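Please look over the sequence and structure below. A short report on selected parts follows.

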Amino acid sequence: MGARHTHPLYVHGHSRVHRLAPEVKVAAAVAFVFGVAVTPRQALWVFAIDAVMLLVVVALSGIGPRFVLTRLLVILPFIAFAFFIPFVGSGEQVEVLGVAVSREGLWGMWNVVAKATIGATVSILLAATTEVPRLLTGMGRLRVPATLTAIASFMVRYLELLAGELRRMRIAMASRGYDPRWLWQARPVATSAGALFIRSYERGERVHAAMLARGYTGTMPEIDERRATTGEWLAGALVPVVAWLAAMVALVAG
Amino acid sequence: MPTSDAATGQRARSHATRPPDARLTTPAIDVRGLRFHYPDGHEALRGIDLQVEAGERVALLGANGAGKTTLALHLNGINVPDEGSVRIGDLLVEESTFAEVRRRVGLVFQDPDDQLFMPTVGEDVAFGPANLGLRGADLDARVAEALAAVDASQLADRTPHHLSGGERRRAALATVLAMRPDVLVLDEPTSGLDPAGHRELVEVLRSLPMTQVVITHDLPFALELCERAVIIGEGRVAADRSTATALADGQLLARHRLALPYGFDPGHVAPPETA
Amino acid sequence: MHAPDGFLNAGTAATTGVISAGAIGVSLRQMRSTLGDKQVPLAGVTAAFIFAAQMFNFPVAAGTTGHLLGGALAAILLGPATGAVVVTVVVVVQALAFADGGLTALGYNVLNMALVPAFGGYGMFVLLRRVLPPNATGVVVATGLAAGLSVPLSAMAFSIEWLFGAAAPVPFDTVFVAMVGVHLLIGIGEGVLSAMAVGAVLAARPDLVYGARDLTRAQAAERSRVGLRAFVIGGVLVALVFATVVSQFAAPDPDGLERVATDQGFADSAQDHALATSPFADYATQGLDNETLSLAVAGIMGVVITLLVGLGVAFTVRDRTTRRRAAESTSAGAR
């Protein structure tokens, strides 16, 4: 778990995927990944269909394979862990390249790797084609409480500011020769975090005062009004519906 | 550009606000006997009396900690007095009138980042009028009007974080102007601005017709914008006179930790045209 | 810790999703009653703080670095309900906007990284404060231990989820020992950082530390002398003891650990396979006794976690009025 960049994954573009209403994208993404999650692991044909559909959407989005692949590296540690599963499992043993591994384990590894990879690709696609404010609007339209989306909106707005403040504190410390190696030398890091918390809290109070000054009474005013059309919902439903149908067939057929 | 055509610029900008009511004998701001102390016990205001007429521009000067910002926060009801009263026009500032007071008094805070809390400038400018009930085309028109008044129409879709200091200041001002206030209160509006940003802001403020109360340490700015200066010292009004007179009084300035910039001689500056 | 999709099955994803949604709903109501119309700006900016704080690294040993998770810290500073909401927002936005953690994994990622550390961490904090002196040092030490233990607690939660919904046949024992073991170590850093951060806030604005709201100004300034190095070493000892005790439970057969070790290496010798640890679904080689014991451990851990989280919630609800009064007097005369 490395340090995360403050910049969300959004890649500017005008593709159909970019322009699709955010509530449709979020709902479709979650539905699709759930469909993949319920797919029985031996139903390779279902995974194939899912992967092909996903690749088509990626192509439509104009994001570019290199971008997706680079971001996919994030799940590499989990894939590495999955690699060991066949060695830990037992029951029927199978020989692979002269090494005896568990058959159950191999299937388990495939299950995890396939679903994690597809899931991560969907997440990357969603994040890359939808700006954060649109994501939050979409969430709101999917009945996520307005308080949560408002908090998230403020969080994203002030994140860069705070990260910048923290960075400047670090630079100031480093400029005074601070080069810690051990945990007990971390006090300045922690105290600067404490100071940043206080500053954040006080800023929160000032923002509150500014909101009051402009008539805020406790509920965020609804400003953006365009909603998804039926056409957009149909377009978005296509991929997850196919995924679920295929998964159901596989489950029933056994 | 504001500077090139002062007259038409003036007229164009008056769309953004209601001109102050000429027949008013009631002052735009009427503070009497205001006393206020903080929860930790510190008495910040010890009896402030201040009247400001409609259309006046008053500079609020004083040392750090003198109580200027504290006073400003009373003007829209964020601070509630221990004793004394605050009237905005004919309205006494109290809990039941907060909503209307906050429509009439636009407070521009010191740190624009405290006021630009929405994802885009446009949404920030819309926040105030939306709280007043505007929607749809009316809301869009109001937003456009406010942004035009500060020469920031091109900033509507920008993220606040990526704006320059001057742009942020003007965007913050627009968020307040969108409420069409009668009174504008500004807390250190020129701090941190580069010279060009400073100039842009001054031009914008000079073009706005409503009553203005400006907290500032920037004495040339005070002289240029405000014909009247009120000096706050230790929670009281220490002086209340024309800005030029106040700045010419060296001892007065020194008593309140104010000082003229190097080479600045208030006696040799043309007084600002009455806007 | 931001688990991707696929490691736990769909049923677990859905169940934890429902649990988390319910818990967040309750927390939201609690937060609204404590903070009122300040909730959006305060929670928003402090969420940005947690997010930013998670990004920066602190030294652990010999130049290697670690990162703060912040669940317990958020709960101790802001109160468990607000803390839970704040960290949840961080986790959800990370999943949606940064593709950090799977979309179907949100249910258990929120549960493990926000709810369990916030409520469970706060529960432990409250318990610890009862036995520690009512002053700054007491709060700081309680924070350190609670935050430090919240990390393995979170790992235990994941292990229990694994028990119910593993998508691959890795035995509960293995997952439990590996996850909790590693996270005990990670927890040391978290505990030390959280303690020092709370100490810093206490020194400047004690009124901003929810977990210390009962202290008078004098108490908040009172510090006993505790050497930092001693504290770290103490923390390591606690972790080691914990680890030894726990691992004894999870692998009662003394050869168990050895077997797991050899199996996870390159198992190219055919004879090892007869002794290999069974897949999760079939404990053929290990006796029935071990299976019972493993499940017993899981059961106990489940109860412990639920108890601690429940404590956290109970204290939130009980102290609701105190917090509101404190919040109202914090802002300098505002409103």
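## Helix α8 of chain B

Helix α8 of chain B covers residues 195–207, and its 13 residues should span 18 Å at 1.5 Å a residue; the end C-alpha atoms are 19 Å apart, which agrees. The expected span is 1.5 Å times one less than the number of residues. Helices (H or I, at least four residues) and strands (E, at least two) are DSSP runs, numbered from the N terminus.

Buried residues in α8(B) include B:His198, B:Glu200, B:Leu201 and B:Val202. A residue is buried if 20 or more other C-beta atoms, placed from the backbone, lie within 10 Å of its own.

## Model and confidence

This is a predicted model, in which local features need pLDDT of at least 70, side-chain atom pairs count only at pLDDT 80 or more, and totals for chains, interfaces and linings use all residues. Residues are numbered from 1 along each chain as its sequence is written, while chains are lettered from A and ligands numbered from 1 in the order in which they are written.

Chain A has a mean pLDDT (the predictor's confidence in each residue, from 0 to 100) of 88, with 95% of its residues at 70 or more. Within chain A, confidence is lowest in strand β1 (residues 93–96), at a mean of 78, and highest in helix α2 (residues 22–38), at 94.

## Chain C against chain A

In chain C, 78 residues are in contact (C-beta atoms, placed from the backbone, within 7 Å) with 86 residues of chain A. On the side of chain C that touches chain A, α2(C) gives the most, with 15 residues.

Notes. A residue is buried if 20 or more other C-beta atoms lie within 10 Å of its own, exposed if 12 or fewer, and partly exposed in between; C-beta atoms are placed from the backbone. Two residues are in contact if their C-beta atoms, placed from the backbone, lie within 7 Å.
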